[in-house]
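Here are my notes on this one, as promised. Have the viewer open while you read.

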Amino acid sequence: MFASITLFTIMLALGMSLKPEALGRIRQRPGLFLRVLPASCLLVPLVALGLLLLPIGQSLGPSARIGLALMAVCPSAPLTLRKAGKKGGDRELAAVLQVGAAISAILSVPLMADVFRAAYGTTSWDIGPVEVALQVGRTQVLPLLVGMAIQGWRPALAERIESPLNRVANGLFLVLIAAVLVKAGPKLLPFLSANAMGLLLMAVMVGLCLGLGYSLAGRNRHERITVALVTSMRNPGMALMFATTYARDLPGVTVAVLTYVVVTVLLSIPFLKTLNRLEALESGLEVRAV
């Protein structure tokens with residue numbers, strides 16, 4: 001419940017900072033959206049399935065395997081927007097891509113769950129579109145649309161509210177992180193020591209997703225950062241909801257999901273730094289050539 005309130009507040013604040021014409025980005029770059037959304041919602045889960053079917057993936061314990069699979073099938077991480085804004089990405093583009101991925105997830109998550117069930121010959125993971133629509137709609141799409149509606153209807157009010165609402169969202173987010181660390185922290189080290197191969201596979205998965213996002217974007221640095229983050233960062237809230245529903249007998253799945261989040265954050269830091277460094281080097285070479 002607290003996580004849902006936090007995400008609702010973050011998305012509401014974001015919506016107030018976005019003008020309705022931000023959705024015009026879809027008309028400006030339809031090819032980008034047609035590449036990124038299928039990649040994030042369909043290709044990323046298929047890459048994860050391919051890794052899990054390899055001998056190293058087959059050797060994983062059930063908790064690590066299911067945690068990685070759940071994260072792979074759940075796109076549209078709400079915190080992508082905050083990271084894109086802080087790391088030189090295009091915050092507006094990230095918001096539109098995230099809304100598109102959230103809506104696409106209503107169909108893609110049940111479809112990919114069926115693919116994973118068929119691959120492993122299991123009868124669990126019977127995830128329906130209604131469950132996904134409710135989770136995505138409540139915590140992401142609804143608050144974002146409400147914020148955008150306030151921005152379009154009363155822009156002065158939105159401008160006045162946005163800053164204090166952002167501070168509240170930041171505070172809630174810090175409390176949420178602290179609560180998660182307190183609850184899952186004692187289980188994290190034992191899980192890592194028992195699932196070294198799972199940690200390695202998660203790192204490979206995140207690296208592939210970052211590279212995939214980079215290759216799908218155009219030449220603009222802000223766009224590359226944004227698409228790489230949108231593609232690689234998954235939705236832990238949705239994955240944890242499914243973990244408590246379909247993997248209740250495996251408490252380690254929750255820790256595996258949180259581990260995947262940590263691995264994603266840690267690997268994205270050097271990736272973004274390297275990308276910024278390369279872009280700065282290319283800009284310097286172009287200036288010298290002129």
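**Notes on the model**

1. The score is pLDDT, the predictor's confidence in each residue, from 0 to 100. The protein averages 82, and 89% of the residues score at least 70. Helices here are DSSP runs (H or I, at least four residues), numbered from the N terminus.

2. Ground rules: this is a predicted model, local features need pLDDT of at least 70, side-chain atom pairs count only at pLDDT 80 or more, and totals for chains, interfaces and linings use all residues. Residues are numbered from 1 along each chain as its sequence is written, and side-chain values use heavy atoms, with hydrogens and water left out.

3. Have a look at helix α7 (residues 91-120) against helix α11 (residues 221-232): their axes come within 9 Å and cross at roughly 30°. That makes the two roughly parallel (angles under 35 degrees count as such). Axes are lines fitted to C-alpha atoms over the stretch in contact, with angles from 0 to 180 degrees between N-to-C directions.

4. Who touches whom? L93, A94 and L97 of α7 meet E223, T226, V227 and V230 of α11 (contact means heavy atoms within 4.5 Å).

5. E223 also forms a salt bridge with R29, at 2.5 Å, N to O (the rule: a side-chain nitrogen of Lys or Arg within 4 Å of a carboxyl oxygen of Asp or Glu). R29 sits in the loop between α2 (25-28) and α3, and E223 in helix α11, so the pair ties together parts 194 residues apart in sequence. The count by this rule is 2 salt bridges.

Key. Angles under 35 degrees count as roughly parallel, over 145 as roughly antiparallel, 65 to 115 as roughly perpendicular and the rest as oblique.
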